Each structure stands twice: as C-alpha cells, then as structure tokens.
Amino acid sequence: MKSTEVFNIAWAAILKNKVRSLLTMLGIIIGVAAVIVMVAISAGTEATINEEINSLGANLVFVQSSFTRGGAGGAPEGGLVYDDAAAIAEGVDGVGGVVVEQTASETVKSSSAVLDGISLLGSTSDFPSVRDMNIADGRYFNELEVDRKQKVAVLGASLAEELFGDSDPIGQDITVGTTRLVVIGIFEEKGLVGDVDYDSRLYMPITVVLDKFAQSQFARIMGDRVRLIYVEVDDQENLDNVILQIELLLAKRHDLPLEEADFTVTTQQDIIGTQEATTAAFRSLLAWVAGVSLIVGGIGIMNIMLVSVTERTREIGIRQSIGATPSDIRWQFLTEALLLSLVGGLIGVIVGVSGAWIFGSVSGMRTVVVTSSIILAFGSAALVGAFFGYYPANKAAELDPIEALRHE
Amino acid sequence: MAARAIIETKTLTQIYGMGDARVAALDGVSISVHEGEFVAIMGPSGSGKSTLMNILGCLSRPTSGEYFLDNEDVSGLDKVELAAIRNKKIGYIFQSYNLLSRTTALDNVILPLQYDRTTERTKEEREEVATKALGMVGLADRMQHQPQELSGGQQQRVAIARALVNEPVLIMADEPTGNLDSKSGAEIMELLHDLHNEGATIVMVTHSSEIASHTQRTIHLRDGKLDKVISNGKKAKK
C-alpha cells in the first residue's frame with residue numbers, strides 16, 4: 001500500500017472521531033505550548049537582565065567592602081575608604097576610570113520649581129564613561145572640582161525639564177537643601193535601568209555629598225568609608241591582571257593578608273555567570289515540566305490508539321484477509337498516532353507562540369519566542385507519537401486474522 | 001487429461017490445546033479440488049469445516065500435513081508470504097459480507113488492489129479494474145454507495161466483486177447466503193454459478209444440503225475426518 005493511501009486512511013480515521021481526536025491531542029497541545037511559552041518567558045527575562053547588566057557599562061570591576069562590625073554601637077572596622085579609589089586610579093595599570101558613589105536625598109529648588117525628595121548621586125569624574133552615560137549639553141565635573149569640593153551639578157534629562165522647563169539650565173543656580181550649586185551639564189535620556197531612574201537624578205561631586213548631604217548619623221559612623229568602588233578596565237584582556245593588582249594594592253594598604261581581605265572583587269562576567277546559572281536551572285526545570293506533560297500526552301495517544309485498535313479489530317481482520325501484511329497494518333496505525341501527535345504539535349505551536357505573545361502583552365513581562373524551542377517541542381511531539389504509537393500499532397499487526405474476523 | 005489441481009492436501013491435521021486438553025480439529029484430511037470445479041464442504045458444527053476453510057483460505061497454517069495451492073506448498077509460509085497469497089490467489093466471500101463501513105462500494109473493491117505489491121497500477125487503472133468488477137456483479141450504478149446504503153444482497157455482490165478483482169485462482173465462500181433472504185440468496189447462488197461457468201474454481205462452506213446440491217461435489221466432514229464425498233451429478237458447463 002502506498003504511503004499516500006496509508007496517510008488518507010489514517011486521516012479519515014482521525015476525522016471520523018473529531019472530538020475524541022481533539023481531546024487526545026490536548027495533552028500534546030498543552031505540552032508543546034508549555035515548552036514554547038516557558039522558554040519564551042525565561043528567554044525574555046534573560047534578555048532583560050543581560051541588557052541591564054550591559055547598560056551598567058562595559059568591562060566593569062566591582063570592588064565591594066566587606067565590613068566587620070565593631071563592638072556594640074561602635075564604628076565598623078575595616079572596609080574600603082574614599083582614598084582607596086584614588087589609590088587604585090593611580091597605582092593600577094590598565095584602569096580606564098574609577099568611580100565611587102554616595103547617594104543622598106534632598107529638596108531641590110530652581111527659580112521656577114521646588115521638588116522634594118530628589119535623589120542625589122555623588123560621584124567622581126569618571127562616572128559618565130564608567131557607567132556609560134552621555135552628556136547632552138554642557139559638561140561633567142572634572143577631578144579638580146571633585147578634589148576642591150566645587151559646588152557644581154549635572155542634571156538628569158527629566159529632572160532638567162521639571163526644574164527649568166524649556167529654558168536653558170546651564171549656568172543657572174539651584175538650591176539643594178541649603179546649599180547653592182551651579183548647573184554645568186545635562187545628561188542624555190537613559191531610561192530605567194533595573195529599578196533606577198537615571199533621568200530624575202541630580203549628579204554632583206562625591207566630596208560635596210559627603211560634606212553637605214550625607215546624613216550626619218551615617219557620616220559619623222561611616223566616616224569616609226564607601227561600600228563600592230567601580231573600576232573600568234580599558235581592555236577586556238587586562239581584566240584578570242587588573243583584578244590581581246587591585247587585590248594586592250588594597251591588601252597592602254589595609255595591611256591584611258589576601259586571605260583575610262575586607263573587600264571582594266567581582267566582575268560583570270561573574271554576575272552574568274551567576275545569572276546564567278540561575279536561568280539555566282530555571283530553564284531545565286521548565287523543560288522537565290513540559291517534558292512530563294508531553295509524556296502524559298503520549299500516554300493519552302497510546303490509550304486512544306489501543307481503544308481504536310480494539311474497535312477496529314474486524315476492519316483489521318478484513319484487511320488481513322484480502323492481503324494486508326503485518327507491516328501494512330502496523331504502518332496504518334503508527335501513521336494515525338503520528339498524525340495525531342503532529343497535528344497536536346502544530347496546534348500546540350500556534351497556541352504556544354500566540355500564548356507567549358498574549359502573556360507578554362497582558363503581564364507586561366518580556367517574552368522572546370525562541371525558534372529552537374519550537375523545533376524542539378515539535379520534534380518531541382513527533383517522537384512521543386512514534387514511541388507511544390508503536391505498541392498499539394504492533395498489537396494490531398500481530399492480530400490473528402481468524403480471531404480478528406470473528407470479532408464483533 | 002485431468003484438469004490441474006488447484007487444491008491438494010495431504011493428511012492435513014490441526015491440533016488445538018496442549019497435553020490432556022489436546023483436540024484434533026482436523027485429523028488427516030486429504031482432498032483435492034481441480035481447476036474449474038465448484039465444491040461444497042458440509043458437516044455438523046465441530047466437524048472441522050471452519051478449520052479446513054481457514055487453512056484452505058491461507059488464514060492459518062496446519063499443525064502438520066501438506067497443502068499445495070496452485071501447485072505451491074503453502075503450509076510452511078510465514079505471515080507475510082501468506083498475506084501475499086491471500087491477496088493474489090484467493091478471493092473471499094463471507095457470510096457477513098465483511099465490507100469496510102463508511103467506505104464506498106468502489107473503494108471496498110479497490111482495497112485488494114492497494115495491497116497488491118506485485119502489480120504496479122495507477123489510481124485510474126485501479127478504479128477501472130474495480131469498476132469492471134462491480135459491473136460484472138451488476139452494481140455499476142451503486143459504486144459510490146456505502147455498505148449501509150445497500151441491501152444485504154447488494155452488499156454480498158460488492159464482496160464478490162472484491163473477491164474477483166485480483167483475478168484469484170480460488171474463490172472461498174463461507175456460507176455466502178447465510179445472512180440473506182431466499183430470493184437474494186438465490187440471486188447470489190446464480191451469480192456464483194455464472195462465475196463457475198466462466199471457469200472459476202469455487203469452494204463453498206455451507207450447512208444447507210439444498211445449497212450444496214447446486215455444486216458438483218460435496219465433501220462431508222465428521223469429527224475432523226473426511227466422512228464421504230458425494231458427486232452431485234452436475235457437470236461443469238464449460
């Protein structure tokens with residue numbers, strides 16, 4: 001019997017019981033759709049996180065302070081201090097820039113507006129290059145201005161508009177708390193990175209923040225301690241070398257052996273690596289869930305095919321009596337099982353792709369439909385159909401013609 | 001010169017069960033049927049006539065003994081080879097017609113052609129051959145009807161067309177009139193006679209001696225053994 005004829009017989013058998021066929025396919029549909037939607041969600045999350053990490057700036061090394069608590073209420077001991085940053089900038093080769101940040105919150109007044117609770121970010125002069133921020137107008141403050149605690153400010157894009165509207169802010173005065181600063185520059189729009197709105201912030205030298213705006217309590221305990229120093233490496237290839245130099249330098253400055261260091265050095269690669277490990281684990285969990293539902297779908301197909309073989313025992317007998325070989329019968333039922341799973345898989349792909357799109361637009365989460373997940377899911381459906389269809393098909397093929405013809 | 005033997009069996013034996021439960025459904029039956037003969041097989045239930053029918057129709061194999069069909073020893077063939085023999089050399093007519101439901105008369109008749117591996121035919125050629133077979137049994141105007149739209153007699157005619165379509169050397173008819181009223185039954189018997197007159201070799205199982213008397217010879221079985229062979233005095237009208 002030709003394969004097109006086998007296909008036609010199988011297709012007719014599926015159409016004969018439309019509702020039953022659809023219910024049988026449901027397991028495969030759900031399984032395939034689940035694979036596609038879940039991979040789309042995890043790929044979307046991954047893409048978002050990667051973008052956030054990359055938008056922090058390229059080739060970044062994070063030097064983090066690990067404080068040790070002193071006695072009750074006492075000052076913490078060890079950790080990074082402001083001068084460490086300067087020491088790294090001077091004493092380490094291959095460093096493109098070093099940034100220390102200190103945040104605070106204050107009321108900001110311009111000639112036309114008063115805004116409460118504006119987030120202040122004190123930094124050093126390398127901030128724009130290290131954090132990948134571009135100046136739209138004017139300039140960022142330089143090293144000299146940081147050292148001399150010059151009262152200058154750079155505005156985020158949306159903050160500039162709120163404070164000054166259409167007029168040019170450059171050269172104008174603003175009052176932050178009780179301190180007057182001169183606006184010397186405006187950043188280009190950056191948008192949200194993670195939860196942080198870089199456009200609504202006010203930027204100034206870190207020395208000014210430490211001097212004027214850091215909470216007095218905090219300042220008293222912390223002194224000139226900082227939590228985090230950002231170091232930009234000029235070349236990816238120097239990364240390991242720079243890390244080693246920083247570790248040796250700081251250990252020497254803090255008078256501690258490396259094993260007892262009161263700081264840790266991490267890179268973006270470390271963060272991305274951790275992130276990738278997490279999403280990989282998440283993904284394999286989803287794959288297992290989807291795989292189980294595909295197997296359940298396959299069992300459903302096997303169940304219905306066994307029912308179908310029993311129902312059509314007499315038909316099998318008739319076909320055998322007029323010359324169908326065991327392999328003719330086997331192929332007929334295997335084709336039917338394969339068709340069920342492939343049509344189910346196709347419907348599952350449609351449901352999965354549109355489901356990922358709908359989920360993305362309803363939940364606001366980013367979803368990325370991955371082509372390989374479609375191929376994988378569809379391929380698995382076909383495999384499941386072949387695997388679970390074989391037993392019923394073989395059972396049909398092994399029927400004794402005389403018994404089959406006698407079947408009512 | 002005697003016509004060549006289509007069926008020749010030597011001490012066919014079929015044993016069911018094991019040990020003490022062994023039952024010989026068929027016990028050393030040797031018969032022969034020649035080309036162009038119309039033979040009936042009779043016997044009370046349990047006499048082994050169904051078992052003999054199944055072996056002669058290549059639906060099962062004997063436990064021992066030899067069976068030559070068209071001078072080929074088929075008693076040792078495997079499932080696949082037997083399927084090919086059933087397809088090419090044997091046409092079946094069953095008591096309950098055994099047509100595929102929800103399948104047109106034409107498609108039912110085409111079915112044996114689809115399972116034929118030895119002859120390459122296009123779709124159109126198959127339809128032509130099947131249409132001719134349906135015309136021979138007088139159903140040219142019912143080709144697109146499905147079995148449930150046909151009377152019992154018409155369904156049996158479709159079955160006969162299906163049995164003829166591959167031009168078999170042997171037609172096996174198992175109680176072909178058993179499900180029919182006497183008028184339709186008579187028509188079917190007439191059709192079988194026509195086929196016989198055209199040279200077909202027919203073996204028919206029946207429990208009715210009236211039906212059996214239409215044939216040339218009646219083979220009687222009893223307790224799995226050949227009881228007697230009665231000549232019905234009719235000659236093949238060649």
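Okay, let's start with one residue: Asp70(B) is buried, at a relative accessible area of 15%. Buried here is under 20% relative accessible area, exposed is over 50%, and partly exposed is in between, with a 1.4 Å probe and protein chains only. Asp70(B) sits in the loop between strand S5 (64–69) and strand S6 (72–73) of chain B. Leaving out neighbours within four places in sequence, Asp70(B) is in contact with Arg4(B), Ala5(B), Ile6(B), Lys89(B) and Val169(B), where contact means heavy atoms within 4.5 Å.

Quick housekeeping. This is a predicted model, so local features need pLDDT of at least 70 and side-chain atom pairs count only at pLDDT 80 or more, while totals for chains, interfaces and linings use all residues. Residues are numbered from 1 along each chain as its sequence is written, chains are lettered from A and ligands numbered from 1 in the order in which they are written, and side-chain values use heavy atoms, with hydrogens and water left out.

Now, confidence. pLDDT is the predictor's confidence in each residue, from 0 to 100. Chain A has a mean pLDDT of 85, with 93% of its residues at 70 or more. Which elements of chain A have the lowest and the highest mean pLDDT? The lowest is helix H8 (residues 216–222) at 53, and the highest is helix H11 (residues 313–321) at 95. There's also a stretch, residues 70–74 of chain A, where the pLDDT is below 50; beyond near neighbours in sequence, that stretch has 3 contacts in the model.

On to the layout. Chain A is divided into domain 1 (3–52 + 274–406) and domain 2 (95–233), with the bounds coming from an automatic or database domain assignment. Taken over C-alpha atoms, the centres of those two domains of chain A are 58 Å apart.

Next, the nonpolar cores. By that I mean sets of buried Ala, Val, Leu, Ile, Met, Phe, Trp, Tyr and Cys residues joined through side-chain atoms within 4.5 Å. The largest has 68 residues, and Ile7(B), Tyr67(B) and Leu69(B) have the most contacts inside it. Helix H2 (residues 18–55) of chain A gives the largest share of this core, 8 residues. Apart from it lies another core, of 39 residues, including Val99(A) and Ile184(A).

Take Cys58(B): it's in the loop between helix H1 (49–56) and S5 of chain B, and it's buried, at 0% relative accessible area. Its phi is positive, about 60 degrees, although it is not a glycine.

Chain A has a positive phi of about 60 degrees at a non-glycine too, namely Asp255(A). Is Asp255(A) buried or exposed? Exposed, with a relative accessible area of 67%. Asp255(A) lies in the loop between H9 and S15 of chain A. Glu259(A) is in the loop between helix H9 (239–254) and strand S15 (263–267) as well, and counts as exposed at 72%.

For a glutamate that's buried, look at Glu5(A), at 11%, in helix H1 (residues 3–16) of chain A. What does Glu5(A) touch, not counting residues up to four places away in sequence? Gln114(B) and Arg126(B). Glu5(A) and Gln332(A) are 327 residues apart along the chain, with their C-alpha atoms separated by 9.3 Å.

Rings of Phe, Tyr and Trp (its six-membered ring) pair if their centres lie within 6.5 Å; planes under 30 degrees apart are stacked, over 60 edge-to-face, and the rest tilted. Why is the pair of Phe387(A) and Phe388(A) edge-to-face? Because their planes are at 85 degrees, with the ring centres 5.0 Å apart. Phe387(A) is exposed at 61%, whereas Phe388(A) is buried at 11%. Ring pairs also link Phe127(A), Tyr140(A), Phe141(A), Phe187(A) and Tyr203(A) into a cluster.

Key
Helix = DSSP H or I, 4+ residues; strand = E, 2+ residues; numbered from the N terminus.
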